[in-house]
Amino acid sequence: MKKILIFTSAVLVQLLVILSLTVYEKSGFSKAVDWDVDGFMITASSVRGADESETDKINSEIKNYIDGFNKYEAEDILCNYVYRIISNTKNVSVVEINTVLQHNITEESKQYTSAGEICTELWVFNDNGKIKTKWVEKSNTAEKLPSESKSVS
Amino acid sequence: MKNKNKIPAVILAVAVEIILVAMLVFSVLKIMPAKWEIRENSSVSQINSNGTVSVANVKYFARPGQDSVERKAGSPKAVNDLYMTMMNENISADYIRENGFTQNINIKKLSASSNDFCYEISGAENGAVWEVWITFENETPYMTIVK
């Protein structure tokens, strides 16, 4: 009886350790940034080992990037954003923001034509709670806006 | 007779223990930092005049005890190839053009975990410092260089 009790305790302890390690691996403790994607926007909800100002810094950069598309909205071009977390490890997080541009939308027929796509990666390096970011434009097939064409000529 | 009845229970207990220990080892290995080998103070002469790098400065080993390229779905090789390509594009061409073959490249580890590795490259005569950030997702390496 005593042997069974010892064996059962040992098994339970081992299971507990395995469970703790798995929870740690899946938790925010092993991720550089905790992301919150709601379909329309991606925001950093927390940054491992950093104070709130670092989280705000990332969110402000994302907002500035998204605000950069206001020039398309001003030309009646619809912007759809698709967010994908490519990698989120202990110190590095990579998020892809794919912006699909559409114009000539007619409300009744729901028809539109593509105005191109812009795919950008946001790299976040969590250097012991200090955040460094890098934006990398991977592809850009967006049509030139009339205002941009004028400024070139 | 009594001992004979105990044999299946003992076998079962041993089997359970083997499975649990294996799971435990696997869980620990999963969160252990990966092993990286840095060739510190690599000579710039390892970069050819046309901008190609013959020796990668950083080698990735999937886990401690593993000793090279073939271990993990080609990832270490991919990292080294990627590193060399990025070096060509972002560092060596500029470095060679601006600084010649006079100095050593210094590499310093910034951080490392089971699935990422970041280091700093310095040694250029113009004082430029680069950071290389590498992260793995499902065995695929992603890398960027920040100046």
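A:D76 is exposed in this predicted model, with 10 other C-beta atoms within 10 Å. Burial here is a matter of counting neighbours: a residue is buried if 20 or more other C-beta atoms lie within 10 Å of its own, exposed if 12 or fewer, and partly exposed in between, with C-beta atoms placed from the backbone. A:D76 is found in the loop between helix 3 (70-74) and strand 3 (78-88) of chain A, and has a positive phi of about 60° although it is not a glycine. Most residues other than glycine have a negative phi. Helices (H or I, at least four residues) and strands (E, at least two) are DSSP runs, numbered from the N terminus.

A:N128 is another such case, with a positive phi near 50° in a residue other than glycine. This one sits in the loop between strand 5 and strand 6 (130-140) of chain A, and A:N128 is exposed, again with 10 other C-beta atoms within 10 Å. Back in the loop between helix 3 and strand 3 of chain A lies A:E75, which is partly exposed, having 15 other C-beta atoms within 10 Å. Not counting residues up to four places away in sequence, A:E75 touches A:L145 and A:P146; a contact means that the C-beta atoms of two residues, placed from the backbone, lie within 7 Å.

Residues are numbered from 1 along each chain as its sequence is written, while chains are lettered from A and ligands numbered from 1 in the order in which they are written. Because the model is predicted, local features need pLDDT of at least 70 and side-chain atom pairs count only at pLDDT 80 or more, whereas totals for chains, interfaces and linings use all residues.

On to the layout of chain A, which is divided into domain 1 (1-30) and domain 2 (31-152), with bounds that come from an automatic or database domain assignment. The C-alpha centres of these two domains lie 41 Å apart. Strand 1 (residues 33-37) and strand 2 of chain A pair in the antiparallel sense over five bridges; strands count as paired if DSSP finds at least two bridges between them. A:D36 has A:T43 in strand 2 as its bridge partner. The two strands form a hairpin with four residues between them, and A:G39 in the turn has a positive phi of about 95°.

Chain B has two helices and seven strands, running α-β-β-β-α-β-β-β-β from the N terminus on. Of its 147 residues, 19% count as buried.

Where do the chains meet? In the model, 22 residues of chain B are in contact with 22 residues of chain A. Helix 1 of chain B gives the most to the side of chain B that touches chain A, with nine residues. By class, that side has 13 nonpolar, six polar and three charged residues, where Ala, Val, Leu, Ile, Met, Phe, Trp, Tyr, Cys and Pro count as nonpolar, Asp, Glu, Lys and Arg as charged, and the others, Gly among them, as polar.

The largest nonpolar core has 22 residues, of which A:V124 and B:W133 touch the most other members. Such a core is a set of buried Ala, Val, Leu, Ile, Met, Phe, Trp, Tyr and Cys residues joined through C-beta atoms within 7 Å. Leaving out residues up to four places away in sequence, B:W133 touches A:V92, A:W123, A:F125, B:C118, B:M143, B:T144 and B:V146.

As for confidence, the predictor gives the complex an ipTM of 0.76 and a pTM of 0.73. The mean pLDDT of chain A is 86, and 91% of its residues reach 70 or more; pLDDT is the predictor's confidence in each residue, from 0 to 100. Chain B averages 64, with 42% of the residues scoring at least 70. Over residues 40-57 of chain B the pLDDT is below 50, and this stretch has 36 contacts in the model beyond near neighbours in sequence. Residues 61-76 of chain B also stay under 50. Where pLDDT is low, the predicted coordinates should not be read in detail.
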